[in-house]
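Dear colleague,

I am passing on to you the structure we spoke about, and below it I have set down what I found when going through it. Please read the notes with the coordinates open beside them.

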2 protein chains.
Amino acid sequence: MSAAERFIHEALEVIIDEAVKKATDVQEKVCDWQSPEKLRELLDLELKDGGESDSKILQHCKNAIRYSVKTSHPRFFNQLFAGLEPYSMVASFITEAVKTSLYTYEVAPVFTLMEDAVLKKMMELIGWDEGGDGIFNPGGSMSNMYAVNLARYRFCPDIKEVGLYNAPRLVMFTSQEGHYSISKAAALLGLGTKNVYAVPSDDRGKMIPSALEEKIELARSEGAVPFFVNATAGTTVFGAFDPVDEIADICERHSLWLHVDVTDSVAWNPHKMLMACLQCSAFLIKDKTSLLQRCHSAKASYLFQQDKFYDVSYDTGDKSVQCSRKPDAFKFWLMWKALGSSELERRVDRALAMARYLAQTVKKREGFHLLMKPEYANVCFWYVPPALRGLPDACSGLLQVAPVIKERMMKTGSMMIGYQTHGDKPNFFRMVVINPQVSKQDLDFVLDEIHSLGKDLR
Amino acid sequence: MSAAERFIHEALEVIIDEAVKKATDVQEKVCDWQSPEKLRELLDLELKDGGESDSKILQHCKNAIRYSVKTSHPRFFNQLFAGLEPYSMVASFITEAVKTSLYTYEVAPVFTLMEDAVLKKMMELIGWDEGGDGIFNPGGSMSNMYAVNLARYRFCPDIKEVGLYNAPRLVMFTSQEGHYSISKAAALLGLGTKNVYAVPSDDRGKMIPSALEEKIELARSEGAVPFFVNATAGTTVFGAFDPVDEIADICERHSLWLHVDVTDSVAWNPHKMLMACLQCSAFLIKDKTSLLQRCHSAKASYLFQQDKFYDVSYDTGDKSVQCSRKPDAFKFWLMWKALGSSELERRVDRALAMARYLAQTVKKREGFHLLMKPEYANVCFWYVPPALRGLPDACSGLLQVAPVIKERMMKTGSMMIGYQTHGDKPNFFRMVVINPQVSKQDLDFVLDEIHSLGKDLR
């Protein structure tokens, strides 16, 4: 066995012990919190002229895992991803080891076909009987950017060549609860964040269709040109679903591109609810006129020769705004193959049932208050320490409670949950239940622990 | 051991056997070519309601590796990446298993600090004694897009909010040999591909500084506003280096942002010459006024709370146009730590020496013709079959030669090399020598094999 092989073998043992077994063990900590200054020392970050021995490098690997947050731990609820999905993890190891990029069939034949198969199956599940087109890309923000760019291209293809200089002021709409990536897209694409009109949502976080219509009229009356509506299926904070059917009717009436819906395009991240390894994120588009290709192509002669000996429509690279692009679809394909659609469905059902259990328990417990009944996997709630209960100014006191409890839970390493303010609502916990490894006991533990960490606050 | 652990163990054995040992074994094929139609059958792509057994899934893993191109094979010269780097590979397995995203210190403490350490060291090597800022992102195309966007933001920060509608026509410059990602950026950013002015290069592929100056004057005379120059250090086809010092002088005189240089920003992909696992790509910027943050921030309240208990400047997520972002810096950090700067340098030197050896051998061999003496790791050459040698119309015959040889080499699986046309030059081979595992024998083999696959062509 070569030295490299021996090192890889030993490192794989470390990965299994530390990042698989220990990281998912409920008896272990979720995180081993260190301040940036302390962690810098612990990690021995300096890069030098000379190298280090394999045994030292293995120690660095152990440290990297040890001080990282265990996002696969049953008590990690801090993000919209969680849990360890072994099939997807193995697939991601394979994509790393095989080390290729999805631009041409000739360098990525397997993954080109797998991406195609996965995209087709996803479109089938969405209900696009006639199919469409799509592309995996590095995250939901990129998917949303693709949607805006394609909508703009469909609206006025000339912009690709001549820029926005002679274009009318183009306006986009998203709910006030929509993800910030729509604004980032507007900034990057030269459309301007001020031309993203925020449509009011109701108190559950759902876009109000009549308010969308008003905003469209407003934009028109200002001489601007509406072209794009983003509907959200599962908002970041509350997990709310915009009323897509009603929004679709409005978009049809006004000839606007509707993203995340049955009309034009969808951003779907299997790395969230379906637990695929990061990143696994698809952008799907109903169009079948090669819009992706026409909008993004640059026709590089060193990659996309037209005199190849195979059907060059399998060279998908020019659909992307990237050049190198990772075969993320394989992570989803392998787990889907192993689990089947039914088990994927059961997992989501189980996670949602757990979220409902959590919400019911929060409702019953003294000192805990639900912001609203959860629509999806996000459960938002306040914890009010005994000293603040029933006080008229509990609200201002609450601003401090969640950050302090968060600090204490991080330093204890017992669990991880996010918190935030929202509008005039003081800091609340936002817990996202995704991992099917999570049990009712884990959820009970979370509430016990919050109380135990915060009961002295005043 | 749980079923999941057992599966992971078995899969890791498959990965080591197939994707490490066999994939780098010179006795094995570089690729096992199958047409898309045939490969579709071999892979059994269909995703069903029910799942499949672990043993079947392992078979799928084997197939995925078997029919993928072996980019780590010593005879893979088809792309600007090659070779297996074990430290980087292990690091990428760890980032997959640890499964986190670089937006906040709290979910990615280790990788946040490692990214910072790697970026600082890279800037030190570039010679930015005062430091700067930077971000790892999914590929060089994205880095170039970052550069254009920051240059635009520095030129006129209002564009972020109000869009390009009242802006003057902004013009960018890159050489005719520059990478297509600059055009893709212009399209995506609403600047328009026609506003990318192609500056003529000399016959070695280097930008002609006086021609840049002429183009700048031309744009000004048209009433447009130049703001950005892209210089290329290692063009995609010829591996040519633009004369950065002279270009920098011109940019300074005209107050233009210069990308890939010592003045403003650099795109540097360790996944190319330094063999880090895909993707490992940094964008570096000399600015120290938080331009990255100011240009891209959207201040999401659910991630970037300002009342956290640690220094929130460690939350780097808002510098990115993405939301989730992978800790790619770790792949570079671990290999750098293991090898040291000196070994990295030796590897590059060795690859360049091999490229020179190849060029010398091409020059000596009958029927082979160098396009030019290589400046970097790209060696471009023609093979002329005996029947075409000395013919006045060899040029048109050559158009067919490389594609047919490529088809034959793919079907034999003996090696992989790219080909392309360039301007009025008929199809030639573009070979990129990166992998330090490549020996002189491998290079001799390549030329023998080209002759043996193509000697009957006429």
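Predicted model: local features only at pLDDT ≥ 70, side-chain atom pairs only at ≥ 80, totals over all residues.

Helix 6 of chain A, which runs over residues 140-155, has 16 residues and reaches 23 Å from its first C-alpha to its last, close to the 22 Å expected at 1.5 Å a residue.

Helix 2 of chain B (residues 36-43) has Pro36(B), Leu39(B) and Leu43(B) as its buried residues. These three cover an arc of only 60° around the axis, which puts them on the same side of helix 2 of chain B. Following helix 2 of chain B comes Asp44(B), whose phi is positive, near 50°.

As for the interface, 158 residues of chain B are in contact with 158 residues of chain A, and the two chains bury about 13,300 Å² between them, 64% of it on carbon and sulfur atoms. Leu47(B), Lys99(B) and Tyr165(B) supply 7% of the area that chain B buries against chain A, which is more than any other three residues. The rule also finds 16 salt bridges across the interface of chain B and chain A. A salt bridge is formed by Asp44(A) with Lys337(B), their closest N and O atoms being 3.5 Å apart.

Lys272(A), which UniProt lists in an unreviewed entry under "modified residue: N6-(pyridoxal phosphate)lysine", lies in the loop between strand 7 (265-268) and strand 8 (282-285) of chain A. Lys272(A) is partly exposed, with a relative accessible area of 31%, and, leaving aside its neighbours within four places in sequence, is in contact with Leu80(A) and Ile434(A). Thr232(B), in the loop between strand 5 (225-230) and helix 10 (244-254) of chain B, counts as buried because its relative accessibility is 11%, and buried means under 20%. With its neighbours within four places in sequence again left aside, Thr232(B) is in contact with Gly178(B), Ala240(B), Phe241(B) and Asp242(B).

Key. Residues numbered from 1 in each chain as written. Chains lettered and ligands numbered in written order. Heavy atoms only, no water. UniProt positions renumbered as here; feature names shortened; annotations may be inferred. Helix = DSSP H or I, 4+ residues; strand = E, 2+ residues; numbered from the N terminus. Buried < 20%, exposed > 50% of the residue type's maximum accessible area, 1.4 Å probe, protein only. Contact = heavy atoms within 4.5 Å. Arc of directions from axis to C-beta. Expected span 1.5 Å × (residues − 1). Buried area = accessible area lost by both parts, 1.4 Å probe. Salt bridge = Lys/Arg side-chain N within 4 Å of Asp/Glu carboxyl O.
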